[in-house]
Amino acid sequence: MVRAIVGANWGDEGKGKITDMLAKESDIIIRFQGGSNAGHTIINEYGKFALHLLPSGVFYSHTTSIIGNGVALNIPYLMGEIQSLTDRGVPKPRILVSDRAQILMPYHVLFDTYEEARLAGKSFGSTKSGIAPFYSDKYAKIGFQVSELFDEETLKEKVERVCVLKNVMLEHLYHQPKIDPAELLNTLHEYRDMIAPYVCDVSAYLAEAIREGKNILLEGQLGSLKDPDHGIYPMVTSSSTLAAFGAIGAGIPPYEIKNITAVVKAYSSAVGAGAFVSEIFGDEADELRRRGGDGGEFGATTGRPRRMGWFDAVATRYGCRIQGATEAVLTVLDVLGYLDELPVCVGYEIDGAVTKDFPTTVKLQKAKPVYVKLPGWKCEIRGIRKYEELPENCRNYIEFIEKEIGTPIKMVSNGPGRDEIIYR
Ligand code: GDP
């Protein structure tokens with residue numbers, strides 16, 4: 001059975017915790033898109049970890065963790081991440097890397113940094129992990145597949161060809177040092193030796209696993225609204241964040257994805273630029289940011305303070321629909337116990353008309369939130385394990401959200417820990 005765990009919002013919904021939790025009953029966990037540009041925070045018996053490239057199933061000894069072909073593979077970063085786990089007492093995970101995954105090159109990081117600097121105030125808020133240049137090259141067909149590392153002739157020819165192109169930009173657009181093809185080839189030889197023990201024909205491996213009835217998790221990065229097609233373009237990421245892409249980025253048939261678990265955060269947070277209709281500011285935002293997540297709402301990769309807002313039912317319903325969510329998990333609900341009342345954005349007012357449909361970016365920029373206020377529950381809900389034991393106002397908040405987003409909320413997360421979960 002294949003299940004996708006994906007974000008219904010802007011990312012940072014707590015997918016890492018849910019994946020880590022569900023990985024207990026799974027055999028294989030796969031990252032199918034993105035790269036090391038966003039982080040998943042996981043707390044378990046080994047401590048607190050921020051994973052960027054590895055799937056959130058690496059903490060169990062019974063699981064196989066896979067980097068699918070859809071991922072932007074930063075090889076030294078992956079090696080460092082594996083090392084950082086074993087250094088802290090986590091048993092060495094079983095890891096496979098698709099021979100069709102493409103390699104994030106050192107120059108992708110440079111180009112990302114130079115382009116952000118060139119755009120200055122008009123930048124997209126990139127994490128400068130090289131993701132946009134990586135996917136640009138992939139689709140421009142000048143990317144490097146892992147398999148190509150093992151064919152010296154192809155590799156050498158391609159390195160030379162690509163350097164010509166890159167060096168024009170480096171010299172004339174960015175006024176930066178050029179790439180030396182010989183040096184780059186050496187780096188790629190190092191990459192080849194590092195990655196060799198992990199390389200696998202992942203789609204063939206997964207076809208066999210599916211035939212054997214294995215439990216497989218696809219772990220998404222970021223969320224619906226950061227999808228390049230269906231999100232808040234251009235303030236999006238460069239690979240699809242949707243469950244549908246899980247089939248492509250892992251190499252399995254789309255109809256094998258039986259469950260799509262949309263992770264929904266009980267309030268809103270976002271990083272980077274872009275319209276954010278239910279955003280809050282000032283003291284109100286500072287307080288939620290300070291109390292939010294586990295130890296505050298700051299980016300797991302960049303440490304940037306996240307933008308904060310009230311729950312946006314318009315964006316989340318759309319986020320669940322575009323994911324094709326079969327169920328939702330409502331996370332970080334415990335954080336909201338301090339509020340007297342909880343505004344929920346149930347509509348967008350655009351040019352005088354109220355809509356419940358999430359618009360395209362041009363219209364989104366004009367949208368004003370329409371709020372309904374629900375009473376708070378004013379107490380700590382951590383430690384509760386039964387739905388009926390939640391305070392009535394808290395259940396009302398959950399059920400109101402469930403109705404608005406049109407997706408059954410099957411689990412409620414009331415703390416960052418692995419077992420802090422309420423099943424409904
Ligand atoms: P991801 O990228 O979707 O995995 O999300 P992040 O890991 O970036 O952000 C989620 C943050 O919230 C992490 O710090 C988690 O430890 C924390 N978290 C997850 N679920 C809960 C929850 O139910 N309650 C609280 N307080 N924190 C949570």
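One cavity of 30 Å³ or more turns up when the whole structure is searched. A cavity here is a set of points on a 1 Å grid over the protein atoms alone where a 1.4 Å probe fits but cannot get out. Before going on, the ground rules. This is a predicted model, so local features need pLDDT of at least 70 and side-chain atom pairs count only at pLDDT 80 or more, while totals for chains, interfaces and linings use all residues. Residues are numbered from 1 along each chain as its sequence is written, and side-chain values use heavy atoms, with hydrogens and water left out.

Back to the cavity. The largest cavity has a volume of about 30 Å³. Volume means the space filled by probe spheres set on the points, with grid points joined across faces, edges and corners. Its lining includes Trp10, Ile232, Phe276 and Arg307. Also in that lining are Ala270, Val271, Gly272, Ala273, Gly274 and Ala275. Lining residues have an atom within 4 Å of a point. By class, that lining has 7 nonpolar, 2 polar and 1 charged residues. The classes: Ala, Val, Leu, Ile, Met, Phe, Trp, Tyr, Cys and Pro are nonpolar, Asp, Glu, Lys and Arg are charged, and the others, Gly among them, are polar.

Next, the largest pocket. A pocket is an open set with protein on both sides within 12 Å along at least five of seven lines. The largest pocket holds about 870 Å³ of space. The pocket lining splits into 18 nonpolar, 14 polar and 10 charged residues.

Now helix packing. Helix α3 (residues 106-119) and helix α5 (residues 152-173) have axes that come within 12 Å and cross at roughly 25°. Axes are lines fitted to C-alpha atoms, for helices over the stretch in contact, and angles run from 0 to 180 degrees between N-to-C directions. So α3 and α5 are roughly parallel to each other. Angles under 35 degrees count as roughly parallel, over 145 as roughly antiparallel, 65 to 115 as roughly perpendicular, and the rest as oblique. From α3, the contact uses Tyr107, Phe111, Tyr114 and Arg118; from α5, Val162, Lys166, Met169, Leu170 and Leu173. Contact means heavy atoms within 4.5 Å. That contact has 7 nonpolar, no polar and 2 charged residues.

α5 has another partner. α5 and helix α6 (residues 181-195) pack at about 135°, axes 10 Å apart. That makes α5 oblique to α6. Among the α5 residues in this contact are Glu152, Leu155 and Cys163; α6 brings Pro181, His189 and Arg192, among others. The contact divides into 7 nonpolar, 1 polar and 4 charged residues.

Last, two backbone details. Tyrosine 233 and proline 234 are joined by a cis peptide bond, with omega about 5°. Proline 234 sits in the loop between β10 (216-223) and α8 (243-250). Lysine 141 is not a glycine, yet has a positive phi of about 65°. Lysine 141 is in the loop between α4 and α5.

Terms used. Helix = DSSP H or I, 4+ residues; strand = E, 2+ residues; numbered from the N terminus.
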